[in-house]
Amino acid sequence: MASEEPQAKKPKLEEKELSQNALFGLGNPLLDICAVVDKDFLDKYGLKPNDQILAEEKHKALFEELVKKFKVEYHAGGSTQNSVKVAQGFFLTVSPESVLKVAKHASENNKIFGLNLSAPFISQFYKEPMMKVMPYVDILFGNETEAATFAREQGFETEDIEEIARKAQSLPKVNKRRQRIVVFTQGKDGTVVTSGDEVKMFPVLEIEQSEIVDTNGAGDAFVGGFLSQVVYERPLEQCIHAGHYAANVIIRRAGCTFPEKPDFH
(Lines give C-alpha, C1' and ligand atoms only; values in the text may rest on other atoms or scores of the structure.)
Protein backbone atom coordinates (compact mmCIF):
# COMPACT_ATOMS: atom_id res chain seq x y z
CA MET A 1 0.00 0.00 0.00
CA ALA A 2 1.39 3.36 -0.95
CA SER A 3 1.99 5.65 1.95
CA GLU A 4 -0.18 8.73 2.15
CA GLU A 5 1.36 12.14 1.59
CA PRO A 6 1.83 13.93 4.90
CA GLN A 7 -0.75 16.68 5.27
CA ALA A 8 0.39 20.16 6.05
CA LYS A 9 -0.35 21.09 9.64
CA LYS A 10 -3.27 23.48 9.75
CA PRO A 11 -2.67 26.60 11.79
CA LYS A 12 -4.80 27.00 14.86
CA LEU A 13 -7.66 29.48 14.59
CA GLU A 14 -6.02 31.86 17.02
CA GLU A 15 -2.83 31.85 14.94
CA LYS A 16 -4.80 32.90 11.88
CA GLU A 17 -6.68 35.65 13.62
CA LEU A 18 -3.90 36.96 15.83
CA SER A 19 -2.79 40.46 14.84
CA GLN A 20 0.90 41.28 14.71
CA ASN A 21 0.05 44.30 16.85
CA ALA A 22 -0.86 43.95 20.51
CA LEU A 23 -2.16 46.13 23.32
CA PHE A 24 -0.45 45.80 26.71
CA GLY A 25 -1.70 47.63 29.80
CA LEU A 26 0.30 48.69 32.86
CA GLY A 27 -1.45 49.97 35.95
CA ASN A 28 -3.12 49.28 39.30
CA PRO A 29 -6.53 47.59 39.71
CA LEU A 30 -9.19 49.33 41.78
CA LEU A 31 -12.78 48.61 42.80
CA ASP A 32 -15.28 51.29 41.83
CA ILE A 33 -18.26 51.69 44.15
CA CYS A 34 -21.00 53.47 42.22
CA ALA A 35 -24.19 54.98 43.64
CA VAL A 36 -26.64 57.80 43.03
CA VAL A 37 -26.48 60.09 46.08
CA ASP A 38 -28.18 63.31 47.18
CA LYS A 39 -26.73 66.79 47.59
CA ASP A 40 -26.65 66.50 51.38
CA PHE A 41 -24.28 63.54 51.11
CA LEU A 42 -21.97 65.46 48.76
CA ASP A 43 -21.96 68.51 51.02
CA LYS A 44 -21.26 66.44 54.12
CA TYR A 45 -17.99 65.17 52.65
CA GLY A 46 -17.07 68.28 50.67
CA LEU A 47 -17.64 66.65 47.29
CA LYS A 48 -18.59 68.26 43.98
CA PRO A 49 -20.38 66.79 40.94
CA ASN A 50 -18.09 65.46 38.17
CA ASP A 51 -15.02 65.88 40.35
CA GLN A 52 -12.17 63.65 41.45
CA ILE A 53 -10.20 63.87 44.70
CA LEU A 54 -7.76 61.89 46.83
CA ALA A 55 -9.45 60.56 49.99
CA GLU A 56 -8.45 62.22 53.25
CA GLU A 57 -9.05 61.43 56.91
CA LYS A 58 -12.49 63.09 56.77
CA HIS A 59 -13.58 60.66 54.03
CA LYS A 60 -13.01 57.48 56.06
CA ALA A 61 -16.66 57.12 57.02
CA LEU A 62 -17.86 57.91 53.50
CA PHE A 63 -17.70 54.37 52.13
CA GLU A 64 -19.55 52.74 55.03
CA GLU A 65 -22.29 55.37 54.90
CA LEU A 66 -22.50 55.07 51.13
CA VAL A 67 -23.17 51.32 51.32
CA LYS A 68 -25.68 51.68 54.17
CA LYS A 69 -27.76 54.55 52.78
CA PHE A 70 -27.70 54.04 49.02
CA LYS A 71 -28.00 51.29 46.44
CA VAL A 72 -24.46 50.65 45.23
CA GLU A 73 -22.94 48.78 42.31
CA TYR A 74 -19.41 47.34 42.28
CA HIS A 75 -17.29 47.46 39.14
CA ALA A 76 -13.70 46.43 38.53
CA GLY A 77 -11.89 49.69 37.85
CA GLY A 78 -8.63 51.57 37.74
CA SER A 79 -7.57 53.75 34.82
CA THR A 80 -5.57 51.10 33.00
CA GLN A 81 -8.05 48.32 33.59
CA ASN A 82 -10.91 50.52 32.38
CA SER A 83 -9.03 51.53 29.25
CA VAL A 84 -7.87 48.05 28.31
CA LYS A 85 -11.29 46.62 29.15
CA VAL A 86 -12.83 49.00 26.63
CA ALA A 87 -10.17 48.13 24.06
CA GLN A 88 -10.62 44.39 24.79
CA GLY A 89 -7.02 43.87 25.82
CA PHE A 90 -5.49 42.49 29.04
CA PHE A 91 -4.10 43.93 32.29
CA LEU A 92 -1.00 43.69 34.46
CA THR A 93 0.03 45.36 37.73
CA VAL A 94 3.58 46.71 37.76
CA SER A 95 5.89 49.16 39.48
CA PRO A 96 7.09 52.47 37.96
CA GLU A 97 10.49 50.83 37.43
CA SER A 98 8.83 48.17 35.29
CA VAL A 99 7.10 50.84 33.25
CA LEU A 100 10.48 52.32 32.33
CA LYS A 101 11.77 48.86 31.40
CA VAL A 102 8.77 48.17 29.17
CA ALA A 103 9.03 51.65 27.62
CA LYS A 104 12.66 51.03 26.68
CA HIS A 105 11.84 47.60 25.27
CA ALA A 106 9.02 49.04 23.18
CA SER A 107 11.26 51.73 21.75
CA GLU A 108 14.05 49.28 20.92
CA ASN A 109 11.57 47.14 19.00
CA ASN A 110 9.79 50.06 17.31
CA LYS A 111 6.55 49.40 19.22
CA ILE A 112 4.20 52.18 20.31
CA PHE A 113 4.35 53.06 24.02
CA GLY A 114 1.54 55.14 25.48
CA LEU A 115 1.35 56.78 28.93
CA ASN A 116 -1.85 57.89 30.63
CA LEU A 117 -1.38 60.71 33.15
CA SER A 118 -4.45 59.48 35.08
CA ALA A 119 -2.80 56.14 35.97
CA PRO A 120 -2.80 55.58 39.78
CA PHE A 121 0.99 55.34 39.95
CA ILE A 122 1.59 58.49 37.89
CA SER A 123 2.13 60.65 40.99
CA GLN A 124 5.38 58.72 41.46
CA PHE A 125 6.47 59.71 37.95
CA TYR A 126 6.44 63.49 38.08
CA LYS A 127 9.69 65.43 37.81
CA GLU A 128 12.79 63.22 37.59
CA PRO A 129 11.12 59.76 37.18
CA MET A 130 8.77 61.18 34.55
CA MET A 131 11.65 62.62 32.57
CA LYS A 132 13.26 59.16 32.48
CA VAL A 133 10.12 57.70 30.88
CA MET A 134 9.08 60.57 28.60
CA PRO A 135 11.77 59.99 25.92
CA TYR A 136 10.11 56.64 25.20
CA VAL A 137 6.49 57.86 25.19
CA ASP A 138 4.84 57.81 21.75
CA ILE A 139 1.31 58.73 22.92
CA LEU A 140 0.64 60.84 26.02
CA PHE A 141 -2.92 60.95 27.41
CA GLY A 142 -4.46 63.14 30.11
CA ASN A 143 -7.35 65.42 30.99
CA GLU A 144 -7.11 69.19 31.47
CA THR A 145 -6.32 68.91 35.20
CA GLU A 146 -3.59 66.34 34.64
CA ALA A 147 -2.19 68.42 31.79
CA ALA A 148 -1.95 71.46 34.10
CA THR A 149 -0.18 69.41 36.80
CA PHE A 150 2.20 67.93 34.23
CA ALA A 151 3.00 71.39 32.86
CA ARG A 152 3.66 72.79 36.33
CA GLU A 153 5.96 69.92 37.28
CA GLN A 154 7.84 70.20 34.00
CA GLY A 155 8.23 73.98 34.32
CA PHE A 156 6.35 74.83 31.11
CA GLU A 157 5.21 78.19 32.56
CA THR A 158 1.89 78.15 30.73
CA GLU A 159 -1.71 77.20 31.54
CA ASP A 160 -2.85 77.14 27.93
CA ILE A 161 -3.72 73.52 27.19
CA GLU A 162 -2.81 73.74 23.50
CA GLU A 163 0.59 75.17 24.37
CA ILE A 164 1.07 72.44 26.99
CA ALA A 165 0.33 69.83 24.33
CA ARG A 166 2.81 71.46 21.97
CA LYS A 167 5.55 71.58 24.61
CA ALA A 168 4.89 67.99 25.71
CA GLN A 169 5.16 66.84 22.11
CA SER A 170 8.51 68.57 21.67
CA LEU A 171 10.15 66.96 24.72
CA PRO A 172 13.18 64.78 23.81
CA LYS A 173 12.26 61.45 22.19
CA VAL A 174 14.44 58.39 21.59
CA ASN A 175 12.54 56.88 18.65
CA LYS A 176 12.81 59.45 15.86
CA ARG A 177 10.83 57.34 13.40
CA ARG A 178 7.52 58.75 14.61
CA GLN A 179 6.48 61.98 16.25
CA ARG A 180 4.91 61.92 19.71
CA ILE A 181 1.12 62.33 19.85
CA VAL A 182 -0.33 64.23 22.82
CA VAL A 183 -4.03 63.88 23.65
CA PHE A 184 -5.73 66.01 26.31
CA THR A 185 -9.47 65.55 26.93
CA GLN A 186 -11.60 68.37 28.35
CA GLY A 187 -14.95 66.73 28.97
CA LYS A 188 -17.66 68.39 26.87
CA ASP A 189 -15.24 71.10 25.69
CA GLY A 190 -13.50 68.94 23.11
CA THR A 191 -10.21 67.09 22.83
CA VAL A 192 -6.84 68.68 22.14
CA VAL A 193 -4.55 66.56 19.94
CA THR A 194 -1.14 67.16 18.40
CA SER A 195 -1.17 66.13 14.76
CA GLY A 196 2.18 66.49 13.04
CA ASP A 197 3.37 70.00 13.84
CA GLU A 198 -0.16 71.25 14.53
CA VAL A 199 -2.40 71.21 17.59
CA LYS A 200 -6.02 70.50 16.71
CA MET A 201 -9.31 70.57 18.63
CA PHE A 202 -11.82 67.77 18.04
CA PRO A 203 -15.40 68.24 19.31
CA VAL A 204 -16.94 65.44 21.37
CA LEU A 205 -20.17 63.65 20.44
CA GLU A 206 -23.26 65.51 21.60
CA ILE A 207 -25.38 64.09 24.39
CA GLU A 208 -28.37 65.38 26.33
CA GLN A 209 -27.69 66.10 29.99
CA SER A 210 -30.60 63.87 30.95
CA GLU A 211 -28.89 60.89 29.27
CA ILE A 212 -25.74 61.14 31.40
CA VAL A 213 -25.71 58.50 34.14
CA ASP A 214 -22.09 58.40 35.35
CA THR A 215 -19.04 60.30 34.08
CA ASN A 216 -16.64 58.11 36.08
CA GLY A 217 -14.33 56.31 33.67
CA ALA A 218 -15.15 58.49 30.65
CA GLY A 219 -11.52 59.50 30.17
CA ASP A 220 -10.34 55.92 30.60
CA ALA A 221 -12.92 54.80 28.04
CA PHE A 222 -11.62 57.40 25.61
CA VAL A 223 -8.11 55.99 25.94
CA GLY A 224 -9.42 52.46 25.40
CA GLY A 225 -11.37 53.41 22.30
CA PHE A 226 -8.42 55.37 20.94
CA LEU A 227 -5.97 52.50 21.46
CA SER A 228 -8.35 49.96 19.95
CA GLN A 229 -7.80 51.72 16.63
CA VAL A 230 -4.09 52.40 17.13
CA VAL A 231 -3.55 48.64 17.36
CA TYR A 232 -4.91 48.32 13.83
CA GLU A 233 -2.96 51.34 12.60
CA ARG A 234 -6.06 53.38 11.78
CA PRO A 235 -5.76 57.11 10.94
CA LEU A 236 -5.53 59.51 13.88
CA GLU A 237 -8.99 60.93 13.18
CA GLN A 238 -10.56 57.48 13.48
CA CYS A 239 -8.68 56.82 16.72
CA ILE A 240 -10.13 60.02 18.17
CA HIS A 241 -13.61 59.18 16.89
CA ALA A 242 -13.43 55.76 18.56
CA GLY A 243 -12.31 57.41 21.79
CA HIS A 244 -15.19 59.87 21.74
CA TYR A 245 -17.63 57.08 20.90
CA ALA A 246 -16.40 54.94 23.82
CA ALA A 247 -16.63 57.85 26.29
CA ASN A 248 -20.11 58.72 24.99
CA VAL A 249 -21.27 55.14 25.62
CA ILE A 250 -19.69 54.89 29.08
CA ILE A 251 -21.30 58.02 30.51
CA ARG A 252 -24.75 56.60 29.69
CA ARG A 253 -24.11 53.65 32.05
CA ALA A 254 -23.19 53.08 35.70
CA GLY A 255 -19.46 52.49 36.11
CA CYS A 256 -17.02 51.91 33.28
CA THR A 257 -19.15 49.21 31.64
CA PHE A 258 -19.62 48.52 27.95
CA PRO A 259 -22.54 46.94 26.03
CA GLU A 260 -21.98 43.47 24.59
CA LYS A 261 -22.46 44.71 21.02
CA PRO A 262 -21.01 48.22 20.51
CA ASP A 263 -22.52 50.07 17.57
CA PHE A 264 -19.30 51.71 16.39
CA HIS A 265 -18.86 52.66 12.74
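Is Phe226 buried or exposed? At 1% relative accessibility, Phe226 counts as buried; buried is under 20% relative accessible area, exposed over 50% and partly exposed in between, with a 1.4 Å probe and protein chains only. The views below come from a predicted model, in which local features need pLDDT of at least 70, side-chain atom pairs count only at pLDDT 80 or more, and totals for chains, interfaces and linings use all residues. Residues are numbered from 1 along each chain as its sequence is written, and side-chain values use heavy atoms, with hydrogens and water left out.

**View 1. The open sheet has 5 strands in the order β5-β6-β7-β8-β9.** The pairing is mixed; two strands pair if DSSP finds at least two bridges between them. Helices (H or I, at least four residues) and strands (E, at least two) are DSSP runs numbered from the N terminus. The edges are β5 (114-116) and β9 (198-202), each with a single partner strand, so one side of each lacks a neighbour in the sheet. On average, neighbouring strands are turned by 15° against each other, direction ignored. Axes are lines fitted to C-alpha atoms, for helices over the stretch in contact, and angles run from 0 to 180 degrees between N-to-C directions.

**View 2. Strand β6 (residues 139-143) pairs with β7 in the parallel sense over 5 bridges.** Ile139 stands opposite Ile181 in β7. Helix α7 packs on the sheet and touches β6 and β7, its direction making about 115° with that of β6. Helix α10 also packs on the sheet, touching β7, β8 (191-195) and β9. The direction of α10 makes about 160° with that of β8.

**View 3. The largest nonpolar core has 26 residues.** Such a core is a set of buried Ala, Val, Leu, Ile, Met, Phe, Trp, Tyr and Cys residues joined through side-chain atoms within 4.5 Å. Phe113, Leu140, Phe150 and Phe184 have the most contacts inside this core. At least two core residues come from each of α5 (96-108), α6 (128-133), α7 (144-154), α8 and β7 (181-185). A second, separate core of 16 residues includes Ile139, Leu236, Ile240 and Ile251.

**View 4. Ile240 is found in helix α10 (residues 236-250).** Ile240 counts as buried at 2% relative accessibility. Leaving aside neighbours within four places in sequence, Ile240 is in contact (heavy atoms within 4.5 Å) with Val193, Phe202, Phe222 and Phe226. Ile240 and Val193 are 47 residues apart in sequence and 8.8 Å apart in space, C-alpha to C-alpha.

**View 5. The aromatic pairs come to 5 in count.** Rings of Phe, Tyr and Trp (its six-membered ring) pair if their centres lie within 6.5 Å; planes under 30 degrees apart count as stacked, over 60 as edge-to-face and the rest as tilted. Phe41 and Tyr45 form a tilted pair, 5.2 Å centre to centre with 55° between the planes. Phe41 is buried at 5% relative accessibility, and Tyr45 is buried at 6%. The ring centres of Phe141 and Phe226 are 5.2 Å apart with the planes at 85°, so this pair is edge-to-face. The pair links distant parts of the chain, with Phe141 in strand β6 and Phe226 in helix α9 (residues 218-230), 85 residues apart. Phe141 is buried, with a relative accessible area of 3%. One aromatic cluster is formed by Phe41, Tyr45 and Phe70.
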